[in-house]
Amino acid sequence: MKKISLLLILMGLFAGNLTFGQITDKDWKYLVMREDVVLPSNTTTYEAALADVTNFFKSNNIQGVYYLTQLQDNYHYSHISALNKFEDLDEGLLAYVTDPAKKAELQLLMDNLNNNLETSKIVVVKYRPELSFTPDDNIWLEKAPYRRFNYFYFFPGMEKEIENVLMTWKTLYQQKGVEKGFRVFSGMVGLDRPVYILTTWASDPVTYQQNLQENMKKLGDEGPKVWMSTMELVRDVETIEGWYLPQYSYIPAK
């Protein structure tokens, strides 16, 4: 595993180099996520501090950086952005602010945000388009704010077997004409165990369940068989639900 810059961990959310019109998984290589654990009593002040950071970027029209914020069902807040190369982590958000006075202002806002945290961690994952199936090409924004993250933990050295069964899922979805797909990421940094993350999305939980039922019908008897093959390879499965929060996200205008 590669090491993440200490400055990013201490300072920032995320650094990316895409604008709104360019956000597409065709350009993703890595995703970096800061996951904030907030004390329940500090939720209101944390969200206020987060809004201040987002408003700072919007009011100053800072270019070259974006992040998508979501609230998970365990009340962890996570902030996600694309990362093309690990060197982009070196300076964090401060790299995108050139005015010294503005840098000092951002520093104060970040300090206020961090003061409301119980803890925070950085996770980096690699996008695996060759294992993903995205017929609707939805990017998780306002049209599909609800999402699920399925963590498939496995024993070290079993990457090839896991990827083979994920490719089986993709092929089966393609052959059966499934309309709602999934994206696959492999863990790189900040995760306790080797893992592949399968993500799905919908407009809301009810629609998600409806989509799931439709998928299962189309997959027929082959779906459960592939599922059993998957379970034979993994040592643990964890599912996390979340919602995209546009009011705390930053996507600069062109």
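**Figure 1. Arg183 and Trp201 in the predicted model.** The charged end of Arg183 is placed over the ring of Trp201, 4.5 Å from the ring centre. The model shown in this and the following views is predicted.

Figure 2. The protein has 15 aromatic pairs.

**Figure 3. The aromatic pair Phe133 and Phe182.** Here the ring centres are 6.5 Å apart and the planes stand at 50°, so the pair of Phe133 and Phe182 is also tilted. Phe133 is located in the loop between strand 4 (117–127) and strand 5 (146–154), and Phe182 in the loop between helix 4 (159–176) and strand 6 (183–189); the pair therefore ties together parts that are 49 residues apart in sequence. Buried means under 20% relative accessible area. Phe133 counts as buried because its relative accessibility is 10%. Phe182, with a relative accessible area of 3%, is buried as well.

**Figure 4. Lys180 and Thr200.** Lys180 is found in the loop between helix 4 and strand 6. Its relative accessible area is 32%, so Lys180 is partly exposed. Lys180 and Thr200 are 20 residues apart along the chain, and their C-alpha atoms are separated by 8.2 Å.

**Figure 5. An aromatic cluster.** Four residues, Phe56, Phe57, Tyr67 and Tyr250, make up one aromatic cluster.

**Figure 6. The largest pocket.** The space in the largest pocket is about 670 Å³. Its lining consists of 27 residues, and those nearest the pocket centre are Trp169, Tyr173, Tyr208, Leu212 and Trp227. At least two lining residues come from each of strand 5, helix 4, strand 7 (195–202), helix 5 (205–219), helix 6 (222–231) and strand 8 (234–244). Helix 5 gives the largest share, six residues. Sorted by class, the lining of the largest pocket contains 15 nonpolar, nine polar and three charged residues.

**Figure 7. The largest cavity.** Across the whole structure, three cavities of 30 Å³ or more are found. The largest cavity holds about 150 Å³ of space. Twelve residues line the largest cavity, with Met33, Ile80, Val125, Phe149 and Ile197 nearest its centre. Strand 1 (30–38), strand 4, strand 5 and strand 7 are the elements that contribute two or more residues to this lining. The lining of the largest cavity has 10 nonpolar and two polar residues, and no charged residues.

**Figure 8. The fold as context for the close-up views.** The protein contains six helices and eight strands, and along the sequence these follow the pattern α-β-α-β-β-α-β-β-α-β-β-α-α-β. Of its 254 residues, 49% count as buried. Among contacts between residues at least 6 apart in sequence, 85% join residues at least 24 apart.

How values were computed: Residues numbered from 1 in each chain as written. Predicted model: local features only at pLDDT ≥ 70, side-chain atom pairs only at ≥ 80, totals over all residues. Heavy atoms only, no water. Phe/Tyr/Trp six-rings, centres within 6.5 Å; stacked < 30°, edge-to-face > 60°. Helix = DSSP H or I, 4+ residues; strand = E, 2+ residues; numbered from the N terminus. Buried < 20%, exposed > 50% of the residue type's maximum accessible area, 1.4 Å probe, protein only. Lys NZ or Arg CZ within 6 Å of the ring centre and 35° of its normal. 1 Å grid on protein atoms, 1.4 Å probe; cavity = no way out; pocket = protein on both sides within 12 Å on 5 of 7 lines; lining within 4 Å. Points joined across faces, edges and corners; volume = space filled by probe spheres on them. Nonpolar A, V, L, I, M, F, W, Y, C, P; charged D, E, K, R; others polar. Contact = heavy atoms within 4.5 Å.
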